[in-house]
Amino acid sequence: MAVREKELVEVQSDGDRLADGAGGLLDRVIGPFRRGLPPAAQPSTGFYTDTTVCIGCKACEVACKQWNQLPADGFAWTGKSYDNTAELSATSWRHVKFIEQFTPNRDTRVPLDLVAGGSPENRWLMMSDVCKHCVMAPCQQACPTGAILHNEFENVYIQPDICNGCSYCIAACPFGVITRAHFDGHAHKCTLCYDRQKDGLVPACAKACPTGSIQFGPLDELRRRARERMEELHHRGVPTAYLYGESDGSTYSALNSFYLLVDRPSVYGLPDEPFNPWLNMAGDYARSLVGALTAMAILVAVFLILGR
Amino acid sequence: MATDARARHGLTGYAAEPVTKAPPWHGLVACDLLFNNLTTGLFLIQALGELAAPDAFRPLSTTAYSSALALLVADLLCLVLDLGDALRFHHMLRVFKPTSPMSLGTWCLTIYSVPLAAAVALSLAGEWPRLEWIRKAILIVGLVPALGTALYKGVLLSATAQPGWRDARWLGGYLANSALMLGCAELLALSILLGQEKATTVLRPALVLLLMLNALFFLCLLAELSMPLRYTFTPPELWYFMLVTVGAGMVAPLGLLLLPESSIAMLAAVLLLVLGSLAIRFAIVRIPRGLR
């Protein structure tokens with residue numbers, strides 16, 4: 001493996017050759033404006049994450065890092081949880097959240113049977129978080145370069161050769177998914193293993209998940225499975241089970257990566273009522289216009305009265 | 001601070017943390033907000049002045065348009081340097097996307113630079129009576145992209161998921177109104193420095209009115225941002241903020257402008273207005289990070 005890496009370093013890629021001289025400059029300027037033919041549409045795919053069977057093994061995190069060759073984040077105790085990944089970032093596209101719902105009295109030892117019993121006051125909740133691949137994605141609407149698009153699988157994808165790191169997608173995302181990387185200045189997030197999907201493979205995280213918590217497939221099939229699982233949980237005495245992002249809400253579209261949860265969304269670090277910021281845009285433009293036009297009207301009046 | 005506040009309200013774990021991530025926007029973006037207002041405001045006021053009262057404003061055209069162009073370059077520099085990959089700035093022009101205020105703004109800025117550069121060139125070329133209609137046409141056409149450039153900035157921030165900004169419905173109104181006020185202030189300073197008394201006589205009362213109008217928009221914005229500001233700043237910082245923005249940036253300039261005609265007082269008022277406006281923009285840009 002080490003020898004192969006050494007060989008790869010010595011091989012100059014096409015990109016490196018083009019970056020040299022006037023040709024490279026021309027390619028840098030014109031290249032981004034070239035358009036290829038869009039690939040033929042495929043059945044929409046996504047993730048359905050059943051948080052009730054997640055065991056917090058973090059195999060999905062490891063598989064994601066390994067397949068996408070994401071660098072390590074370093075190691076630091078958060079001091080707030082057994083989870084030390086802390087958040088999604090440019091180098092962590094999967095993040096297993098540990099929600100530790102225990103009696104706040106630190107002097108009280110929690111018996112193991114209480115943990116296993118899953119009492120609402122004393123329980124672990126686990127959730128493997130990822131980009132939600134929103135049907136109407138604010139990041140995609142915001143992106144001024146066209147780097148963010150819905151690919152042929154209807155997944156939200158950032159084209160790494162186009163993104164210029166303006167960070168507007170970060171500001172627009174209501175789920176706090178996207179981050180700008182310090183090493184290249186570009187925005188990064190889950191690609192839903194676009195490269196693997198094109199080769200007919202399951203995304204690395206879903207492949208690695210040992211409990212079937214992360215399920216991948218065509219969205220219609222996933223929604224059917226999710227509804228059946230929710231009903232099953234209701235019958236088995238978990239009336240709090242519900243689906244998050246499975247269908248359109250009044251202020252936000254459906255998510256192509258949706259969840260089965262058993263507590264409030266905010267407990268999992270999700271917005272209770274996600275809101276697409278673009279719903280305010282027309283009104284905000286109107287108020288801006290009011291601000292400018294009232295000032296212009298005053299100015300013209302003063303200029304006409306005093307300036308002639 | 002905001003996280004502490006959430007914990008005080010009994011929220012723990014992820015519920016105590018903000019869901020969104022703050023974009024890595026800092027001082028350059030605050031300067032960009034100011035330069036955007038300064039360049040568009042100056043162009044708009046000078047163009048409106050020339051069209052409505054040419055005798056008073058025409059002598060200021062060369063200096064005003066050249067200054068607006070220099071401020072536009074400064075604004076573009078801030079925008080480019082703030083990117084994660086500055087060498088990819090031109091990627092902004094790959095698409096025209098009205099759903100993105102940043103895309104719309106980039107196109108407005110690009111288009112605005114053309115009539116502005118033409119106005120500078122025609123001003124430097126001197127008096128050409130036969131070409132006067134071209135000059136007027138350029139100014140009228142230039143009003144549209146200049147206005148668009150002034151309008152998009154506030155919407156760019158308010159149409160996001162960031163706490164504080166997302167609730168600031170009057171942010172766009174305030175910034176667009178500020179552009180006109182700051183433009184008026186700049187032109188007043190130029191008219192004083194160039195000894196154009198007629199323009200000074202017109203611009204001084206205009207600035208007083210615009211300053212009072214802008215204070216109304218600021219109050220609307222402040223009402224929406226009062227909670228985020230309280231979480232972003234400590235109480236002493238908040239007092240300094242109010243002192244700098246309202247005291248030094250609004251009340252003091254208004255007082256100086258209402259003094260019996262004094263060039264130094266008016267120039268000081270303009271300087272205070274610009275500094276107060278910069279302070280407000282720094283505070284606005286800081287809000288999402290402060291709320292983390």
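A residue is called buried here if 20 or more other C-beta atoms lie within 10 Å of its own, exposed if 12 or fewer do, and partly exposed in between, with the C-beta atoms placed from the backbone. This is a predicted model, in which local features need pLDDT of at least 70 and side-chain atom pairs count only at pLDDT 80 or more, whereas totals for chains, interfaces and linings use all residues. Residues are numbered from 1 along each chain as its sequence is written, and chains are lettered from A and ligands numbered from 1 in the order in which they are written.

**Chain A and its strands**

Begin by selecting chain A, where buried residues make up 40% of the 308 residues. Its secondary structure comes to eleven helices and ten strands, these being DSSP runs numbered from the N terminus (helices: H or I, at least four residues; strands: E, at least two).

Next select strand 10 (residues 257-261) of chain A, which is largely enclosed by the rest of the structure, because five of its five residues are buried. Ser257(A), Tyr259(A) and Leu261(A) point one way from this strand, while Phe258(A) and Leu260(A) point the other way.

Strand 1 (residues 45-50) of chain A runs parallel to strand 10 and is joined to it by four bridges, with Phe47(A) having Ser257(A) as its bridge partner. Strand 9 (residues 242-244) of chain A runs antiparallel to strand 10, with three bridges between them, and here Tyr244(A) stands opposite Tyr259(A).

Then move to strand 2 (residues 95-101) of chain A, in which five of the seven residues are buried. It pairs with strand 3 (residues 123-129) of chain A in the antiparallel sense over seven bridges, and Ile99(A) has Leu125(A) as its bridge partner in strand 3.

**Two loop residues with positive phi**

Select Glu154(A), in the loop between strand 4 (148-150) and strand 5 (156-158) of chain A; its phi is near 65°, a positive value in a residue other than glycine. Glu154(A) counts as partly exposed because it has 18 C-beta neighbours inside 10 Å. Leu192(A), in the loop between strand 7 (187-188) and helix 8 (194-198) of chain A, has a phi near 55°, also positive in a residue other than glycine. With 26 C-beta neighbours inside 10 Å, Leu192(A) counts as buried.

**Helix 4 of chain B**

Turn to chain B and select helix 4 (residues 61-81), whose end C-alpha atoms are 30 Å apart, in agreement with the 30 Å that its 21 residues should span at 1.5 Å a residue; the expected span is 1.5 Å times one less than the number of residues. Its buried residues include Tyr65(B), Leu72(B) and Asp75(B). The buried residues pack against helix 2, helix 5 and helix 7 of chain B.

**Where the chains meet**

Finally show both chains: 61 residues of chain B are in contact with 61 residues of chain A, contact meaning that the C-beta atoms, placed from the backbone, lie within 7 Å. Helix 2 (27-52), helix 5 (101-125), helix 6 (132-158), helix 7 (171-193) and helix 8 (197-232) of chain B each supply at least two residues of the side of chain B that touches chain A.

End at Cys184(B), which, leaving aside its neighbours within four places in sequence, is in contact with Leu299(A), Ile45(B), Leu203(B), Ala206(B), Leu207(B) and Leu210(B).

Technical notes:
Contact = placed C-beta atoms within 7 Å. Pairing = 2+ DSSP bridges.
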